[in-house]
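Dear colleague,

Please find the model for your review below.

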There are 2 protein chains.
Amino acid sequence: MAYDLWYWPTIQGRGEYVRLALEDADIPYNDCARNDGGEDKLVKLLKKPSDTPSFAPPFLIAGKKTIGQTANILLFLGEKHALAPKGDAGRLWVHQLQLTIADLVAEIHDSHHPVASNLYYEDQKDEAARRAKDLRENRLPKFLGYFNDVLKRNGSGWLHGKSRSYADLSLFQIVEGLRYAFPRAMKTLERKTPQLTKLRDRVAERPGIAAYLKSERRLAFTREGIFRHYPELDAD
Amino acid sequence: MAYDLWYWPTIQGRGEYVRLALEDADIPYNDCARNDGGEDKLVKLLKKPSDTPSFAPPFLIAGKKTIGQTANILLFLGEKHALAPKGDAGRLWVHQLQLTIADLVAEIHDSHHPVASNLYYEDQKDEAARRAKDLRENRLPKFLGYFNDVLKRNGSGWLHGKSRSYADLSLFQIVEGLRYAFPRAMKTLERKTPQLTKLRDRVAERPGIAAYLKSERRLAFTREGIFRHYPELDAD
């Protein structure tokens, strides 16, 4: 039985972390909102009374369960599909890494929307300039340095143990997204975080991911998503 | 064997969600950084090489495990100490709620620090005024309305099933914190979210929580924490 994934059909957004896990592990799924009329259906589903409503997409329908929150969906998939370690210690550690990635994703989003998500970027450009500077100069070095250290210490090329987990796939997406949004800053940052660059390449070469990236299922980065390229927010 | 909790010793912050769970379930723990010299030790621990380093406090030492990220610590405690349902569906649903609370906590924090955490509030007052307005008028009604609906639908007075989970305790802290930070806005908001007010009262009356709130272990809300009272950011 294929899972039903519900997420906005025109952006990678937070749904992409789930898509990458499903694609890498070759798990059948329907990206439901990408069908005709799918976005309207998604909006209706979000408003429909439910015992486990989601505050926002993505959510995954797995038989009788409807599971929301990206990191929670990955926790579920990790347990069911060997996308994370089985043991308690490894399972919690990988989830901890994913939650730190989620924090980073929120900070990246807010660099172009520091005042309000429902205002246009153009209405908060000055604030975005200040916040993006802090992101480039303080937050990204701290976050990327952290993940680089974890990779270096583990030594296998993956964040934990000897095989990839959903957190590795999500970290790939972080590198890809940041390269799109902040190409100049990333050139500088990646020089100091070579382990991240290697992880990115390693994930890109995995058969499921390589096929996905070439397919129409992979949406392009755009100025509607979390990672947005505004040249005025980037710097060396 | 008591757990070792490590968190900044002078603020409630994100550590408070863990403290409330430990106190409610009467789980022995040391709030390590509150001992003499504890803050220096915490800073040293954060820099010490580790197989499972935390990006930021809180983290919990449980025997050989060191577990970071608030929601992840609660996931662990929930499984071990009946602070969450045992079954897969309930366990994931409660975690989903906790992750939505974590999103709300980050948005509340950023209402007084929309540009950068490491700048003073005074250096981002104009931006904070805009962001706090959006928080009061759009985000809080949406988040609090969501949790009110979940409580109403479940009907037992708790977010899930017939007993409290760590998510209920965290939601108590949200109400308390928002009452401190935005007393005027909350007066209006709580009129529309009576289930949240009832939940707050119900949690406050639990023996472990009532004893904790009266004790010296409960720190006061201050302008150093996540919930900060700046009258100029509040409004009816």
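**Findings in the model**

Setting aside residues up to four places away in sequence, Glu107(B) touches Arg131(B), Leu135(B), Arg139(B) and Phe143(B), where contact means heavy atoms within 4.5 Å. Residues are numbered from 1 along each chain as its sequence is written, while chains are lettered from A and ligands numbered from 1 in the order in which they are written. The model is predicted, so that local features need pLDDT of at least 70 and side-chain atom pairs count only at pLDDT 80 or more, whereas totals for chains, interfaces and linings use all residues; side-chain values use heavy atoms, with hydrogens and water left out.

Glu107(B) belongs to helix α4 (residues 88-112) of chain B; helices (H or I, at least four residues) and strands (E, at least two) are DSSP runs numbered from the N terminus. Its relative accessibility of 16% makes Glu107(B) buried (buried is under 20% relative accessible area, exposed over 50%, and partly exposed in between, with a 1.4 Å probe and protein chains only). The side chain of Glu107(B) also makes a polar contact with that of Arg139(B), at 2.8 Å. Such a contact is a pair of N or O atoms within 3.5 Å; within protein, one must be able to donate a hydrogen and the other to accept it, and residues adjacent in sequence count only if both atoms are side-chain atoms.

**The two copies**

In chain A, 4 strands form an open sheet with mixed pairing, in the order β2-β1-β3-β4; two strands pair if DSSP finds at least two bridges between them. β2 (29-31) and β4 (65-68) of chain A stand at the edges with a single partner strand each, so one side of each has no neighbour in the sheet. Direction ignored, neighbouring strands are turned by 20 degrees against each other on average.

β1 (residues 3-6) and β3 (residues 59-62) of chain A are antiparallel over 3 bridges, and Leu5(A) stands opposite Leu60(A) in β3(A). The pairing of β3(A) with β4(A) is likewise antiparallel, over 4 bridges, with Phe59(A) opposite Gly68(A) in β4(A). The hairpin of β3(A) and β4(A) has 2 residues between the strands, and Gly63(A) there takes a positive phi near 65 degrees.

Helix α3 (residues 70-80) of chain A lies across β1, β3 and β4 of chain A and runs at about 125 degrees to β4(A). Axes are lines fitted to C-alpha atoms, for helices over the stretch in contact, and angles run from 0 to 180 degrees between N-to-C directions.

**Buried residues**

Leu22(A), in helix α1 (residues 15-24) of chain A, is buried at a relative accessible area of 0%. Beyond its neighbours within four places in sequence, Leu22(A) contacts Tyr3(A), Leu5(A), Ile27(A), Tyr29(A) and Leu77(A).

In chain B, Gln173(B) is part of helix α6 (residues 166-181) and is buried as well, with a relative accessible area of 0%. Among the residues that Gln173(B) touches, those up to four places away in sequence not counted, are Gln12(B), Glu16(B), Tyr17(B) and Arg218(B). Helix α3 (residues 70-80) of chain B is mostly covered, with 9 of its 11 residues buried.

Cys32(A) and Cys32(B) are both buried, each at 9% relative accessibility. A search of the whole structure returned 0 disulfides over all chains, a disulfide being a pair of cysteine sulfur atoms within 2.5 Å.

**Backbone geometry**

Most residues other than glycine have a negative phi, and most peptide bonds are trans. Against that background, the bond from Pro57(A) to Pro58(A) is cis, with omega near 5 degrees, and the bond from Pro57(B) to Pro58(B) is cis with omega near 0 degrees. Asp26(A) has a positive phi near 55 degrees; this residue lies in the loop between α1 and β2 of chain A and is exposed, at 68%. Gln69(B) has a positive phi of about 70 degrees and sits in the loop between β4 (65-68) and α3 of chain B, but Gln69(B) is buried, at 17%.

Yours sincerely
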